[in-house]
Amino acid sequence: MEMMKALVGLLVVLVATMAMAQDVPFSDKDLESEDSMWSLYERWRSAYTVSLDLADKGKKFETFKKNARYINDFNKKENTTYELGLNKFADMTMEEFTSMYTGFKVDAATIAAAEGGGGFETFKKNARYINDFNKKENTTYELGLNKFADMTMEEFTSMYTGFKVDAATIAAAEAAAALAPEPEEELLDVVPASWDWRQHGAVTAVRNQRPCGCCWAFTTVGAVEGAHAIATGQLLTLSEQQVLDCSGAGDCIGGYPDRAIDFVAKQGITQAVNYPAYLGIQQTCRTNPNNPVVKVDGVGTVPYSSEAALKNRVSKQPVSVGVSASESYVLYKGGVYAGPCNTSLNHAVLAVGYGTTAEGVDYWIVKNSWGASWGEGGYMRMKRGVGKEGLCGIAMFGSYPFKRGVSVSTHTHSSSFQEEADTSTSTSRDDDATTVASI
């Protein structure tokens, strides 16, 4: 019975596939005996120039007989709108045919979206959550129906986050913090009360990582762009795609910013215009040795779990930090974000400054890589001064490139960097970026 069901599916496919082809005609007489069936099989084989060894020929003959009988019975039915025939697939089982001649695939997420199922259900839940949250009094920020509003947290984190830190780094940082004196007082007295690197020519336009968990590459590039601009006066848009392809520090399911910065120290990174455009997928490294590169002198780390230490470092340069991106974080629209979130770091962003609102709320200025339509033009203000680890763990693991001075390698004497007077390159790589950072 199961074989007959399979044959029905197979032979319907056969007719649709071979509607214009000439099949081998036969009648009831050809099916009367084993000998007559064998003669029909040989005639069919001759028509389609099939060549088989003897062992395989016997197996194929059995399948051919079943298909021939099925075709004959089907074509005797009345009121059908099509007919079947002994075409070139007539000696194949359905399993053989599908393994060799079919191959269409569609993933579950696409099906759910097309059916209006999972995406709509998630959207409804998020819309209600946003509405309920925004009705609360005394909050410092608001949520909105941004481009992630139809995604579950599982879907979102698998596609748009990816911060990683290894166990050895965690252990070393915790050990150092346990032995180090508390730096709060001495650091708070030596840094400006507020600072914004966007206003000092050290931050390029917001970009969009798309559904690829390579936030680590974007925060690395942002940190290097800032360090280079501060050291040389040149604000250059560098290539995240090159870091993703060539650094070995991660992929589209996560990576390590400190390792990526170390790669830039050793190998350098070129401008975005000198490397294939960002696509949101990891590809083979395609570095052109003739292109000039920016290099840094090494990678530094901010003392573990100290907002004061992070403030001190951010006053000197943009810093790559890890955060825990929660549901409210993802749906953030504007204001000073205050949680809820935990300290299970899963996303890398760039801390580019800090300040205080007119109401006295201290905050960090964070550059994200989810496009300029997210948050406040692609940025978020996160509440500052909530404890050693910082809100969402922002002060736990910070890394930065250090650059003692000009360190630009031009592998050919004719190549040189140009200062960027516009942001067309970075804007074109951001699907929804319509504004650029103020510098």
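Helices (H or I, at least four residues) and strands (E, at least two) are DSSP runs, numbered from the N terminus. The model is predicted, and local features need pLDDT of at least 70, side-chain atom pairs count only at pLDDT 80 or more, and totals for chains, interfaces and linings use all residues. Residues are numbered from 1 along each chain as its sequence is written, and side-chain values use heavy atoms, with hydrogens and water left out.

Several backbone features were found in loops. N79, in the loop between α3 (54–75) and α4 (94–101), has a positive phi of about 60° although it is not a glycine. Relative accessible area is described here as buried (under 20%), exposed (over 50%) or partly exposed (in between), with a 1.4 Å probe and protein chains only. N79 counts as exposed because its relative accessibility is 79%. A positive phi, of about 65°, is also taken by N138, again not a glycine. N138 is placed in the loop between α6 (118–134) and β1 (141–143), and its relative accessibility of 78% makes it exposed. The peptide bond from G339 to P340 is cis, with omega near 10°. P340 belongs to the loop that joins β8 (332–337) and β9 (347–356).

Helix α12 spans residues 257–267, and its buried residues are P257, A260, I261, F263, V264 and A265. Just after α12, G268 has a positive phi of about 90°.

Salt bridges were assigned where a side-chain nitrogen of Lys or Arg lies within 4 Å of a carboxyl oxygen of Asp or Glu. By this rule there are 15 salt bridges. One of them pairs E96 with K60, at 3.2 Å from N to O. E96 is in helix α4 and K60 in helix α3, so this pair ties together parts that are 36 residues apart in sequence. E96 is partly exposed, at 30% relative accessible area, whereas K60 is buried, at 12%.

An α-helix has 3.6 residues a turn, so residues three or four places apart point the same way. K65 is buried, with 7% relative accessible area, while E62 is partly exposed at 38%.

E225 and R207 also form a salt bridge, in which the closest N and O atoms are 2.7 Å apart. This pair links distant parts of the chain, 18 residues apart: E225 is in helix α10 (residues 215–232), and R207 is in the loop between β2 (195–196) and α10. Both partners are buried, E225 with a relative accessible area of 2% and R207 with 3%. Elsewhere, salt bridges that share partners join E34, E62 and K65 into one network.

Patches were built from residues with over 30% relative accessible area and no salt bridge, like charges being joined within 9 Å and nonpolar side chains (Val, Leu, Ile, Met, Phe, Trp, Tyr) within 5 Å. Accessible areas come from the Shrake-Rupley method with a 1.4 Å probe, and for residues only the protein chains shown count as cover. F120, F123 and L145 make a nonpolar surface patch of about 290 Å². Of these residues, L145 is located in the loop between β1 and α7 (153–160), and L145 counts as exposed at 52% relative accessibility.
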